[in-house]
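Work through the exercises below with the sequence and the model side by side, and try each task before reading its solution.

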Amino acid sequence: MDENIPDEVLEIFTQDGVLLTTAPAAYIPYINTVGTLSIVEYPNSNLTRCVEWKPIDVTIDSDMQDQEWQVVNTIAKRHRSLSGNFPVEVGHRSKYLKINMNEIKSFRVTTKNQKLAFRDGKGDCICTFVFQHGNCDGLVAVLKGIHKTVVSRRDKHLYCIADDIKNPERQQLDKSFAELNLFQEHSSDYVWKFVKNFQNRPYETTMEAFSKITDIVYRSPDHRLLDNEVNDILNRSLEAIEGNTTTHSHDEYEVVAHVPKLPERKDYPRGRPLSLEQWKALQDHDGQVEDIDAVKLVIFRGGISPNVRKEVWKYLLDYHKWDYANNEQQNLIKQRNEEYFIMKLQWRSMTKIQEDNFTDYRERKSLIEKDVNRTDRVMDYFAGENNPNLQVLFDILMTYAMYNFDLGYVQGMSDLLSPILYLMDNEVEAFWCFVGFMNKVCSNFDVDQAGMKEQLQHLQTLTAFIDPEFSNYLYKHDSANMFFCFRWLLVWFKRELSQQDVMRLWEVLWTGLPCQNFHLLICVAILDTEKNILMENNYGFTEILKHINDLSGNIDISAIISKAEGMYNQIIAAEHLTDSVRFIIGLPMLGNAIIDSKEASPDLSDLAPCSTNGEVDEASYESAISNSFL
Amino acid sequence: MSARVNMRPANKNTLLKVVILGDGGVGKSCLMNRFVSNHFDEHSFHTIGVEFLNKDIEIDNENYTLQIWDTAGQERFKTLRTPFYRGSDICMLTYAIDDKSSFRNMNMWKNEFLYYADIKENTYFPFIVVGNKSDVLVEEREVSQLELETWCNENGIASCIETSAKSASNVQEAFKMAVQHWLRAEIRADRTECTYSDTVDLNKKQSDSRSSCCTGASED
Ligand SMILES: Nc1nc2c(ncn2[C@@H]2O[C@H](COP(=O)(O)OP(=O)(O)O)[C@@H](O)[C@H]2O)c(=O)[nH]1
Ligand SMILES: [Mg+2]
């Protein structure tokens, strides 16, 4: 037996009473036979998805099947490519007529939706089915969930599959530059996953994924393509949980939105900055800081006074250790001093020939040179030609590239270093503090930008949870990718704020209070402040990007921190707090809001703005589901 | 389409999306700022993420709104930059005449653009090559005019120009040239459309969607 045969089969969709009316040569004997039509997936095979049809109670003997395949290959030329992709299978599935999804380029639905023909895109029909019980709406809905489809402009009964990038229809669609596929997966994949799970575990799947799917249908950038059938099915299933959902019409779609309210947002006025006296009082006679939490709380509430900031930053950035006594601290400083100069010497002692033979190094060096010349030159500290501080900035970045060779230098790092160097005004101290900061944000500079993409997705999740209406708006305006926050996140608002403000914000964020990823809530708070302008002007992706880029210099950071704290408290008090949100802010997860982990990529769960935790009768649920699918 | 930014009562206004590509530090942002606000800042920040500016210009009695996109050049940011190439009408490939390696990298930029902008094979796309920093001293020059022209010939690119964002030399001209070049490519495409009736549908849609920002042509 062939070992490559996929063993695991997942049935995504099945319908009985389907008559085969046109078929590849091998199946001519079964023309006008009634059978069962399915869409199946072979997770362990590169075949992945197929349309299968099996005659009722008829066993095709496998000898004959082999013969038939040979016949196909010799007589029916136009089916050759097709048959080449047919898996020759053993076991019970061998009697199936099987069409690899990849072969299907379009399908045509006629005769009151009772007849469906799969086509190969070259003008030939692969096979045709007539649906004797009911119609093919359910199948069409599933197909649309699996593939992007567009209705042909020439033939309104013809649905073209637009997944294939070589498909000319698809190319047209993709022309829209606002359609930023940053997150790789298409929303149709979510629908498809949903539909698949729906079949397997209808109750749980729906309870968990429900809001996600409605949101996708409602807000997907591809909403043009996910039309009526998918919506219908979702809506029909939803009627069963009418209890705590509301149905209302929006544009051409019937939209079901379940939007639990967050508790009211309270005011969290900012406190006074940590003063020198307070700081002294919090240290014991030996220099150890006893109550670290208390220090951090004061800093979170009000930041640090300028006259003690330099000292405290060294602790926040792990250059000094909170619990070290004075002598231990001194030893550490000494050690780090030496370490720094060893690393610095490594690149300073490169000979000209070495450099000439080391392209990577040269490129790195040249980029650092260029960027140092373009970093905060309006600040007195870095202004003017031949400013020695530029040299220090350069040296630290070069040394950092030796310290962390894999990461090297990435644009944005000079922005993170500049305020630190300005405050420390000391090369070694600035270096080690910069190392501490980089340790917190190094994923921003990942080679594949995975860290940035993840943050954008988390931001999307938080926005959807806190403000579903605004989140809907963004979806409908091709902006759910949150790309316009990229600069904020990459350099922690450095380009948006004055030097003083950015120092205040950073020290607040370094405390790690009140939760992990609080900087994302800062983003949500700024967006909340701007959303009325965005929505009233009906801004699309480009205008939003422009508006956000132009905010630079116009952000009241104290008010924003207060608002973000208010939002944090709303979130944790929310009854419908989901695991995806818990995960982002670092709360333990409860394990009830994420879809089957095998199915759920993190971004899938992230699309969830809200989960339904209403009490719904399982039986009524299942009946709704069978109504929709059979 | 969200690209419609300025609704103007003018009779016709064509919106063109221009993408400026090239190595970090060749002066892309400076070129854009010189063109849009006639301003040069020696110590402006390096670009993070993606920025764009709009600028209205009139060429041969036609009004155009150029939407100029400027991105961060470092390889690291490739995945976040390339989605913006889609739907471009013009691509400006830039290098600095005092930086040979930025000149050599134009191949890479051209290929990256063609790949991610999803340009159909065998279609002509209006590129323009810009050698910036023409103000630098002769002894600092690393790329000659001749090398520029040769490269363009080899790559089938019909327009190239040396500019200086610093001294405001040839910057307006470069953008004007780019638009004129685009126009020629459009006319050529229209002709093809008439010859091959099969392709009418596709081409038609393309020119429809970009023809004017006042009509607000909707999808399909
Ligand atoms: N001499 C000279 N320098 C320029 C010119 N254009 C830009 N620069 C300088 O080149 C550096 C990089 O410019 P920038 O626009 O930031 O480059 P980008 O990374 O391509 O956007 C800046 O320091 C500018 O001052 C120019 O025309 N002549
Ligand atoms: Mg730039």
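**Exercise 1. Chain A as a whole**

Task: Find what share of the contacts in chain A with a separation of 6 or more comes from residues 24 or more positions apart, and what share of the chain is buried.

Solution: In this predicted model, residues 24 or more positions apart account for 68% of the contacts in chain A with a separation of 6 or more. Turning to burial, chain A has 630 residues, and buried residues make up 59% of them. As for secondary structure, 26 helices and 11 strands are found in chain A.

**Exercise 2. Helix H14 of chain A**

Task: Describe the length of helix H14 of chain A, decide how many of its residues are buried, and state which helices these buried residues pack against.

Solution: Begin with the length: H14(A) runs over residues 388-403, which is 16 residues, and its first and last C-alpha atoms are 23 Å apart, close to the 22 Å expected at 1.5 Å a residue. Next, look at the start of the helix, where Asn387(A) caps the N-terminal end by placing a side-chain oxygen 2.8 Å from the backbone nitrogen of Asn389(A). Then consider burial: 12 of the 16 residues are buried, and H14(A) is therefore mostly covered when buried is taken as under 20% relative accessible area. Among the buried residues are Asn389(A), Leu393(A), Ile396(A) and Tyr400(A).

**Exercise 3. Helix H16 and its aromatic rings**

For the rings, the count over all chains comes to 40 aromatic pairs. Phe437(A) lies in helix H16 and Trp506(A) in helix H20 (residues 499-510) of chain A, so that the pair links parts of the chain 69 residues apart. Both Phe437(A) and Trp506(A) are buried.

Ring pairs also join Tyr340(A), Phe341(A), Tyr400(A), Tyr403(A), Phe431(A), Trp432(A) and Phe434(A) into a cluster. Over the ring of Trp432(A) sits the charged end of Arg336(A), 4.8 Å from the ring centre.

**Exercise 4. The magnesium ion**

Task: Identify which residues coordinate the magnesium ion (ligand 2), and say whether they are buried or exposed.

Solution: The ion is coordinated by OG of Ser29(B) and OG1 of Thr47(B), at 2.1 Å. Because Ser29(B) lies in helix H1 (residues 28-37) of chain B and Thr47(B) in the loop between H1 and strand S2 (50-59), the pair ties together parts that are 18 residues apart in sequence. Ser29(B) and Thr47(B) are both buried.

**Exercise 5. Where chain A touches chain B**

Task: Locate Gln411(A) and His46(B), and trace which residues each of them touches.

Solution: Gln411(A) is placed in the loop between H14 and H15 of chain A, and its relative accessible area of 3% makes it buried. Its side chain makes a polar contact with that of Asp371(A), at 3.2 Å, while the C-alpha atoms of these two residues, 40 residues apart along the chain, are separated by 7.5 Å. Beyond its neighbours up to four places away in sequence, Gln411(A) touches residues of both chains, including Leu367(A), Phe445(A), His46(B), Thr47(B) and Phe77(B).

His46(B) is placed in the loop between H1 and S2 of chain B, and it counts as buried at 1% relative accessibility. Leaving aside its neighbours within four places in sequence, His46(B) is in contact with residues that include Asp371(A), Tyr409(A), Gln411(A) and Arg495(A).

Terms used: Residues are numbered from 1 along each chain as its sequence is written. Chains are lettered from A and ligands numbered from 1 in the order in which they are written. This is a predicted model: local features need pLDDT of at least 70, side-chain atom pairs count only at pLDDT 80 or more; totals for chains, interfaces and linings use all residues. Side-chain values use heavy atoms; hydrogens and water are left out. Helices (H or I, at least four residues) and strands (E, at least two) are DSSP runs, numbered from the N terminus. The expected span of a helix is 1.5 Å times one less than its number of residues. Buried means under 20% relative accessible area, exposed over 50%, partly exposed in between (1.4 Å probe, protein chains only). Contact means heavy atoms within 4.5 Å. A polar contact is a pair of N or O atoms within 3.5 Å; within protein, one must be able to donate a hydrogen and the other to accept it, and residues adjacent in sequence count only if both atoms are side-chain atoms. Donors are N, O and S atoms within 2.8 Å of the metal (3.2 Å for Na, K and Ca); water is not among the atoms, so sites may look incomplete. Rings of Phe, Tyr and Trp (its six-membered ring) pair if their centres lie within 6.5 Å; planes under 30 degrees apart count as stacked, over 60 as edge-to-face and the rest as tilted. A charge sits over a ring if NZ of Lys or CZ of Arg is within 6 Å of the ring centre and within 35 degrees of the ring normal.
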